[in-house]
Amino acid sequence: MGLTSHKVLALTVLFAVLVTAGTVRIWPRFARPTWTAVLGRIGTIMATQLALLVVIGLLANNYFAFYSSWDDLLGSGDDGPVEIRTKLDAGHGDRVEPLGRVPVKGGGAVGREPGQAGEIQQVRIPGATTGLSTEGYVYLPPQYFRPEYAHRTFPVVIVTTGFPGDARNLVTRLNYPGAALRLLQSGRMQPTVLVMMRPSPAMPADTECEDVPGGPQSDRYFTEDVPRAVRGSYRVSADPQAWGLMGNSTGGYCSLKLAMRHPDVFPTAVSLSGYYRAAEDATTGDLFRGSPQRRDDADLIRRLNHPPHPKVAVLLAGTREGDGDYRRQTEEFVAAVRAPMKVSFSMLKSGGHNFQTWERLLPSSLEWLSQQLKVPAGT
């Protein structure tokens with residue numbers, strides 16, 4: 001049974017009810033002033049509380065989609081680094097590997113043809129130069145399938161979720177394809193290819209989109225391998241002005257950092273509740289191998305305090321209240337920006353670090369991003 005299945009939740013709730021009922025039933029037996037009775041009382045209280053905590057944890061996970069499977073929770077899946085070049089024929093590292101299709105939901109799109117609703121493809125995106133690989137989803141807009149657009153190329157947005165989120169959250173919880181389709185239907189967004197994925201191609205490690213010395217080269221994967229594979233597989237523009245980055249939480253931090261480091265690849269980025277300094281914890285390990293310079297380079301506010309500034313346009317979207325220190329850090333980041341860099345920001349009055357907040361921010365953020373993307377005429 002899957003981690004998020006209703007059977008697991010139902011069995012856990014039943015177990016918690018039985019433990020609680022059992023505790024109530026046998027509690028009078030532990031009323032005696034003996035060590036055995038005291039240990040019995042402590043044991044039953046701990047068992048009851050543990051059962052209730054497990055139920056609460058499952059409910060929270062099912063609602064916020066922190067982990068999608070037991071492998072995701074335990075880090076025992078097969079999403080780690082893959083030597084793609086040993087598995088695929090020569091040249092296949094330049095192309096996305098199709099794995100299946102997912103229905104588009106939103107904008108009255110369920111059950112409609114690709115020429116009306118677009119298409120979501122489940123894919124594996126190989127790394128021709130890094131050997132890394134991860135699964136994700138590609139949304140192709142309706143125009144991609146229409147005859148009048150047969151010789152047109154499309155802009156691209158690389159969308160990354162938070163860590164250790166699943167790329168499916170971008171389709172099921174935030175529904176980027178549905179949001180993009182509704183904006184497209186209302187004339188507020190141009191037809192755009194969305195490539196939706198995790199921010200780490202080396203699960204279960206959190207690479208923070210860094211090139212780790214002697215480890216996974218995640219920065220290079222996102223800035224060289226992913227664009228190379230997408231260009232080799234889809235009818236998209238090769239002009240950097242047609243490419244953008246977007247993400248929430250860790251994905252937001254990665255979007256900002258990759259754009260600031262590689263403005264020649266991604267001159268536009270959107271951060272939804274993204275932070276500004278690389279996380280360092282048990283999931284990241286030592287990303288910088290003890291190098292203060294590398295650590296400082298991953299601190300985006302510190303980076304802004306040491307010109308020159310990159311020629312990029314970024315949007316910071318979040319909340320004034322309810323998301324820890326986000327407002328103060330964002331204000332510090334905005335104050336440090338200098339030309340030629342451009343910064344915009346969108347702040348809700350309140351909201352947490354969660355899908356509900358990002359869902360509210362998504363339409364205006366996609367619309368802003370679409371306004372920045374430019375496909376050269378005649379391509």
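Which residues is L315 in contact with, leaving aside its neighbours within four places in sequence? The legends below begin with that residue. The model is predicted, so that local features need pLDDT of at least 70 and side-chain atom pairs count only at pLDDT 80 or more, while totals for chains, interfaces and linings use all residues. Residues are numbered from 1 along each chain as its sequence is written, and side-chain values use heavy atoms, with hydrogens and water left out.

View 1. Strands (E, at least two residues) and helices (H or I, at least four) are DSSP runs numbered from the N terminus. Beyond its neighbours within four places in sequence, L315 is in contact (heavy atoms within 4.5 Å) with A269, V270, S271, S344, F345, S346, S365 and W368. Of these, S346 is 31 residues from L315 in sequence, and the two lie 7.4 Å apart in space, C-alpha to C-alpha. L315 counts as buried because its relative accessibility is 4%, where buried means under 20% relative accessible area, exposed over 50% and partly exposed in between (1.4 Å probe, protein chains only).

**View 2. The buried residues of helix α12 (residues 326–336).** Y326, T330, F333 and A336 are the buried residues of this helix, and they lie on the same side of α12 because they cover an arc of only 130° around the axis, the arc being that of the directions from the helix axis to the C-beta atoms. Their cover includes α9 (250–261), β7, α11 (300–304), β8 (313–321) and β9 (342–350).

**View 3. The aromatic cluster of Y144, F145, Y149 and F154.** The structure holds nine aromatic pairs; one of them, Y149 with F154, is stacked, at 6.2 Å centre to centre and 25° between the planes. Rings of Phe, Tyr and Trp (its six-membered ring) pair if their centres lie within 6.5 Å, and planes under 30 degrees apart count as stacked, over 60 as edge-to-face and the rest as tilted. F154 counts as buried because its relative accessibility is 2%. The charged end of R235 sits over the ring of Y144, 4.3 Å from its centre (NZ of Lys or CZ of Arg within 6 Å of the ring centre and within 35 degrees of the ring normal).

**View 4. T284 in the loop between β7 (268–272) and α10 (292–297).** The side chain of T284 reaches the backbone nitrogen of D281 at 2.9 Å. Leaving aside neighbours within four places in sequence, T284 is in contact with D206, E208 and A279. With a relative accessibility of 10%, T284 counts as buried.

Definitions and conventions:
A polar contact is a pair of N or O atoms within 3.5 Å; within protein, one must be able to donate a hydrogen and the other to accept it, and residues adjacent in sequence count only if both atoms are side-chain atoms.
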